[in-house]
Amino acid sequence: MFYSSSEAVSLVIKTGASKVRGFIIALFFLSSIVFSGKALASERPFYTDLGQMNYARFLMHGGGYRAAAREFARVIESFPGSPFLVEAQFGLSEAYYMAGLYDKAEVQYRQFVRNFGDSPFAGRARVRLDELGWMRIKRLPVVPLPEVVLKPAKGLKAVQVMLFEGRTLEEVEGEIEGLKAAGVDTIILRVFHNSGDRFYRSAAPREKRGVYFNTSSAPVVDDMLSGILSAAHRHGIKVFAWMTTRYADYGVEGDEDLACRGYDIRSRGFVRCKGLDLFNDRAVERLERIYADLAEYEIDGVLFQDDLVLRHNEGFGARMEALFKKETGVEMDPESLYLRTDGQSVHYTELFWKWASWKNRRLLDIAGRLKGVVAKKRPEARFAINLMYESVTNAPYALAWLSQDFSEAARRDFDYYSIMAYHRQMGTELKRDPEEIRGMIERMVVDASASVGAEKVLIKVQTIDWSSGEALPDDEVAGILKSVMAKERVSLAVVPYRKDLPLKELAGGGSASAAATFKEEGI
């Protein structure tokens with residue numbers, strides 16, 4: 001048994017409605033294909049050993065043994081002087097044992113007995129070692145947890161297109177022809193338009209917000225998709241439609257019934273948050289109609305935008321409360337999610353973690369519904385989901401702050417797990433130097449590949465400084481691509497597409513310093 005805090009304190013965060021980490025907001029400017037983005041808040045939650053420990057306990061109690069092992073190990077690595085070190089070491093041993101990873105469990109139990117022989121857990125560890133020895137003598141088969149069966153996916157060499165520079169479809173096709181010559185096989189095309197975005201230069205805009213394909217369920221800016229699809233397919237390039245979900249409130253912005261609800265922790269009041277209430281079936285059904293119309297086009301796949309998230313104080317409302325009670329039997333009170341302290345911070349309760357996991361499953365269920373709608377008309381279509389880098393590097397943060405869980409997403413069998421490995425952004429947010437960030441990205445590639453298979457990992461590399469809008473040096477982009485491909489044969493995408501980006505050189509055709517591996521054979 002594990003000791004469990006009666007208060008189930010899980011995480012320390014800064015409060016305040018304005019202290020919310022936002023998404024990169026594309027602010028297209030001048031005549032270049034650059035955009036500038038900024039987080040809505042720069043402060044990140046501060047993790048304590050207790051918070052990390054409670055997350056590991058939460059996973060263990062829920063039967064997520066392999067994930068729990070990873071998080072117990074994170075306690076040991078991140079907090080070597082913690083008073084929870086003993087329990088974390090024993091928890092790591094138990095998690096391996098429960099997962100059927102008996103060799104690893106035996107190593108950890110032996111290490112625990114050596115290091116903590118006087119601990120209350122030591123007796124249990126010795127019993128486990130006896131059991132493992134008996135199992136070895138009896139040659140009992142190891143029965144690990146069943147692995148997720150994943151269908152094979154073909155590697156991509158992609159550019160994510162926010163804008164083409166061409167003023168006509170003919171000029172756009174010229175750019176597409178150049179991409180083909182550089183070794184690109186996939187275009188991830190923006191098919192939505194938010195306020196403040198630059199319009200495609202070849203478009204004839206009819207609306208200020210909406211989509212770039214014909215639908216009766218949202219404002220249509222212009223039907224750009226048809227021509228670009230035809231041009232790309234003529235040159236043997238696949239097109240993934242990059243489309244919003246929660247933020248696709250185009251045309252229904254004034255419908256309060258469809259609006260997302262948040263909770264201002266400081267004032268203890270409910271507020272409207274950006275986008276749709278994804279617990280409202282009417283909102284989800286509207287998304288299904290939009291995606292069904294999108295599937296009328298000969299798209300090769302869909303990338304779900306990174307708005308399929310709910311932050312730690314988002315996702316409230318009567319429909320959420322009713323559904324949560326129906327599925328869990330628990331009445332929802334926002335104040336039961338957060339324990340207040342004397343300062344400007346709160347702790348997350350055990351119920352919060354349950355709610356965050358439940359929200360994550362709801363979001364993935366919605367993605368599944370949208371996949372089904374598209375696949376009904378396009379059975380060969382492939383699907384990618386955008387994931388923040390924290391979903392791989394810092395699972396508690398991703399679950400708490402964004403309602404993202406890489407392990408749960410892996411069970412949903414997306415074709416590609418699109419990890420936003422934006423090195424400049426990571427360096428700024430984590431306050432790490434470039435070499436540290438490169439090492440983190442390399443570990444992300446290895447860890448994600450171990451979870452879902454390298455063929456399903458899509459690593460996205462930034463080509464623009466989000467803060468300044470300036471193009472990153474070619475050698476810098478090339479270096480990240482090279483580091484990624486040195487670890488695993490994953491799919492790659494550069495974000496955003498820039499006409500001036502020398503993809504041939506990045507493929508190894510230019511200077512030695514630019515010889516990354518974007519165009520590796522057999523990707």
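This is a predicted model: local features need pLDDT of at least 70, side-chain atom pairs count only at pLDDT 80 or more; totals for chains, interfaces and linings use all residues.
User: What makes the pair Cys-260 and Cys-273 a disulfide?

Analyst: The S to S distance of Cys-260 and Cys-273 is 2.0 Å. A disulfide is a pair of cysteine sulfur atoms within 2.5 Å, so the pair counts as one. A search of the whole structure finds one disulfide.

User: Where in the chain do Cys-260 and Cys-273 lie, and how many residues apart are they?

Analyst: Cys-260 is in strand 9 (residues 259-264) and Cys-273 is in strand 10 (residues 269-276). They are 13 residues apart, and the pair links distant parts of the chain. Both cysteines are buried.

User: Why is the link of Cys-260 and Cys-273 called left-handed?

Analyst: The angle about the S-S bond is -70 degrees, and the link is left-handed with that value.

User: Why is Arg-268 called partly exposed, and where does it lie?

Analyst: Its relative accessible area is 49%. Buried means under 20% and exposed means over 50%, so a value in between is partly exposed. Arg-268 lies in the loop between strand 9 and strand 10. Its phi is near 60 degrees, a positive value in a residue other than glycine.

User: What makes Lys-431 buried or exposed?

Analyst: Lys-431 has a relative accessible area of 70%. The cut-off for exposed is over 50%, so Lys-431 is exposed. Lys-431 lies in the loop between helix 14 (423-430) and helix 15 (434-452). Phi of Lys-431 is also positive, near 55 degrees, in a residue other than glycine.

User: How do you know whether helix 9 and helix 10 are parallel or perpendicular?

Analyst: The axes of helix 9 (residues 318-328) and helix 10 (residues 350-377) cross at roughly 100 degrees and come within 12 Å. Angles of 65 to 115 degrees count as roughly perpendicular, and helix 9 and helix 10 are therefore roughly perpendicular to each other.

User: Which residues meet where helix 9 contacts helix 10?

Analyst: From helix 9, Met-320, Leu-323, Phe-324, Glu-327 and Thr-328 meet Leu-351, Lys-354, Trp-355, Trp-358 and Arg-362 of helix 10. By class, this contact has six nonpolar, one polar and three charged residues.

User: How does the reach of helix 4 compare with the expected span?

Analyst: Helix 4 (residues 102-115) has 14 residues and reaches 20 Å from its first C-alpha to its last. This is close to the 20 Å expected at 1.5 Å a residue. Among the buried residues of helix 4 are Tyr-102, Glu-106, Tyr-109 and Val-113.

Key: Residues are numbered from 1 along each chain as its sequence is written. Side-chain values use heavy atoms; hydrogens and water are left out. Helices (H or I, at least four residues) and strands (E, at least two) are DSSP runs, numbered from the N terminus. The expected span of a helix is 1.5 Å times one less than its number of residues. Buried means under 20% relative accessible area, exposed over 50%, partly exposed in between (1.4 Å probe, protein chains only). Axes are lines fitted to C-alpha atoms, for helices over the stretch in contact, and angles run from 0 to 180 degrees between N-to-C directions. Angles under 35 degrees count as roughly parallel, over 145 as roughly antiparallel, 65 to 115 as roughly perpendicular and the rest as oblique. Contact means heavy atoms within 4.5 Å. Ala, Val, Leu, Ile, Met, Phe, Trp, Tyr, Cys and Pro count as nonpolar, Asp, Glu, Lys and Arg as charged, and the others, Gly among them, as polar.
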